[in-house]
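Dear colleague,

I am passing on the structure below, together with some notes on what turned up in it. Please read the notes with the model open beside you.

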Amino acid sequence: MKNDMSPEILLKLLSDQTRLRCMLLLLQQGELCVCELTYALGLSQPKISRHLATLRDANVVNDRRAGQWIYYSVSTELPAWAADLLESIQAGCSKQAQYQRDLKILKKMPNRPANQVCA
């Protein structure tokens, strides 16, 4: 599937703080369960799921179901310019306090899906 994403669409999607925080964690971690994003960002599951659905509908992220869990990852179908932009955003934000807090909280999450149990 070809992704015809425009810069305007991608930048509008990333202008929302919750979607940007989700994307930064996905870029760094590769794939995360909704429960991990909920835990790391301290937001409700419906709110996180709604934002992830918006990103999925725009073909920015992919989802996969494993039992009752849904995992998200950055789409490999993004245009090269979009992937480059996301990489630059991640590099630029990686030292910012909010991103560091999100990552620290995620890493401290007990019973992460890798341990076969989701919170």
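Glu-36 touches Leu-106, Met-109, Arg-112 and Pro-113, where residues up to four places away in sequence are left out and contact means heavy atoms within 4.5 Å. This is a predicted model, in which local features need pLDDT of at least 70 and side-chain atom pairs count only at pLDDT 80 or more, while totals for chains, interfaces and linings use all residues. Residues are numbered from 1 along each chain as its sequence is written, and side-chain values use heavy atoms, with hydrogens and water left out.

Glu-36 itself lies in helix α3 (helices, H or I, of at least four residues and strands, E, of at least two are DSSP runs, numbered from the N terminus). With a relative accessible area of 5%, Glu-36 is buried (buried is under 20% relative accessible area, exposed over 50% and partly exposed in between, with a 1.4 Å probe and protein chains only). Its side chain reaches the backbone nitrogen of Cys-33 at 2.7 Å.

The axes of α3 and α6 come within 8 Å and cross at roughly 125° (axes are lines fitted to C-alpha atoms, for helices over the stretch in contact, and angles run from 0 to 180 degrees between N-to-C directions). That angle makes α3 oblique to α6, given that under 35 degrees counts as roughly parallel, over 145 as roughly antiparallel, 65 to 115 as roughly perpendicular and the rest as oblique. The crossing of α3 and α6 is right-handed, a term used if the near helix is turned clockwise from the far one by less than a right angle, with anticlockwise giving left-handed.

Helix α6 also packs against α2: their axes come within 10 Å and cross at roughly 60°, so α2 and α6 are oblique to each other, and their crossing is right-handed. Among the α2 residues that meet α6 are Arg-21, Leu-24 and Leu-25. Leu-25, with neighbours within four places in sequence set aside, is in contact with residues that include Leu-37, Ala-40, Tyr-99, Leu-103 and Leu-106.

Leu-25 belongs to the largest nonpolar core, which has 29 residues and in which Met-23, Leu-25, Leu-26, Leu-52 and Val-60 have the most contacts (such a core is a set of buried Ala, Val, Leu, Ile, Met, Phe, Trp, Tyr and Cys residues joined through side-chain atoms within 4.5 Å). The elements giving two or more residues to this core include α1 (7-14), α4, β3 (69-74) and α5 (80-93), and α2 gives the most, with five residues.

In helix α4 (residues 45-57) lies His-51, which counts as buried at 7% relative accessibility. The side chain of His-51 makes a polar contact with that of Arg-19 at 3.2 Å (a polar contact is a pair of N or O atoms within 3.5 Å; within protein, one must be able to donate a hydrogen and the other to accept it, and residues adjacent in sequence count only if both atoms are side-chain atoms).

Finally, Asn-59, in the loop between α4 and β2 (61-66), has a positive phi near 65° and counts as partly exposed at 28% relative accessibility. Asn-111, in the segment after α6, likewise has a positive phi, near 55°.

With best wishes
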